[in-house]
Amino acid sequence: MKLLLTAALCAVMITGVMPAPAGAGAIEKACRQSDRTAASPSLCRCIQSVANASLNRSERKTVSKWFSDPHQAQVVRQSSRSSDERLWKRYKSFGENAARVCS
């Protein structure tokens, strides 16, 4: 499971250090502001687009915080709360879609 989390976070977080444009969503902003260096701004836009189709606004806001604090993703994954379980399943699906669509 740790490998899946790492792969999903890498797929979502790979980026340069360019600031996000004013109209960027929470995921795109977090992607661009992360310390990843292997991707372009277009990847962050693609990931945001997949997030828009996969996650609701509240989920996107929560997931965007995981860029700067990946441990919180683990907290949600390991939680016994049903709402966290639902979020984790949707996040996992989002990560798989983003890896497929944006690579």
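Predicted model: local features only at pLDDT ≥ 70, side-chain atom pairs only at ≥ 80, totals over all residues.
Residues are numbered from 1 along each chain as its sequence is written, and side-chain values use heavy atoms, with hydrogens and water left out.

The protein chain averages a pLDDT of 81, and 76% of the residues score at least 70. Select residues 1–22 and treat them with caution, since pLDDT stays under 50 over this stretch; for these residues the model has 53 contacts beyond four places in sequence, a contact being heavy atoms within 4.5 Å.

Next, show the cartoon. The secondary structure of the protein chain comes to six helices and zero strands, and read along the sequence it follows the pattern α-α-α-α-α-α; helices (H or I, at least four residues) and strands (E, at least two) are DSSP runs, numbered from the N terminus. Among the contacts with a separation of 6 or more, 55% come from residues 24 or more positions apart.

**The disulfides**

The structure holds two disulfides, a disulfide being a pair of cysteine sulfur atoms within 2.5 Å, and with the bonded cysteines numbered in sequence order the pairing is 1-2, 3-4.

Go to cysteine 31 and cysteine 44, which a disulfide joins with an S to S distance of 2.1 Å. This pair links distant parts of the chain, with cysteine 31 in helix H2 (residues 26–33) and cysteine 44 in helix H3, 13 residues apart. The torsion about their S-S bond is about -70°, so the disulfide is left-handed. Cysteine 31 counts as buried at 0% relative accessibility, and cysteine 44 counts as buried at 0% relative accessibility.

Then move to cysteine 46 and cysteine 102, which form a disulfide with their sulfur atoms 2.1 Å apart. With -90° about the S-S bond, the link of cysteine 46 and cysteine 102 is left-handed. This pair also links distant parts of the chain, cysteine 46 being in helix H3 and cysteine 102 in helix H6, 56 residues apart. Cysteine 102 is buried, with a relative accessible area of 14%.

**Glutamine 48**

Stay in helix H3 (residues 41–54) and select glutamine 48, which has its place there. Glutamine 48 is buried, with a relative accessible area of 5%. Leaving aside neighbours within four places in sequence, glutamine 48 is in contact with Gly25, Ala26, Ile27, Glu28 and Arg60.

**The aromatic cluster**

Now select Trp66, Trp88, Tyr91 and Phe94, which form one aromatic cluster. Rings of Phe, Tyr and Trp (its six-membered ring) pair if their centres lie within 6.5 Å; planes under 30 degrees apart count as stacked, over 60 as edge-to-face and the rest as tilted. By this rule the count comes to four aromatic pairs. One of them is formed by tryptophan 66 and tryptophan 88, and it is tilted, at 6.4 Å centre to centre and 40° between the planes. The pair links distant parts of the chain: tryptophan 66 is in the loop between helix H4 (57–65) and helix H5 (71–78), and tryptophan 88 is in helix H6 (residues 82–102), 22 residues apart. Tryptophan 66 counts as buried at 3% relative accessibility, and tryptophan 88 counts as buried at 8%.

Tryptophan 66 also forms an aromatic pair with tyrosine 91, this one edge-to-face, at 4.9 Å centre to centre and 80° between the planes. Because tryptophan 66 lies in the loop between H4 and H5 and tyrosine 91 in helix H6, the pair ties together parts that are 25 residues apart in sequence. At 1% relative accessibility, tyrosine 91 counts as buried.

**Helix H5**

Finish on helix H5, looking down its axis. The buried residues of H5 are Ala73, Gln74 and Val76. They fall within an arc of 160°, so they line one face of the helix, the arc being that of the directions from the helix axis to the C-beta atoms. Turn to the face directed away from this buried side, and select the exposed residues it carries, His71 and Gln78.

Terms used: Buried < 20%, exposed > 50% of the residue type's maximum accessible area, 1.4 Å probe, protein only. pLDDT = per-residue confidence, 0-100.
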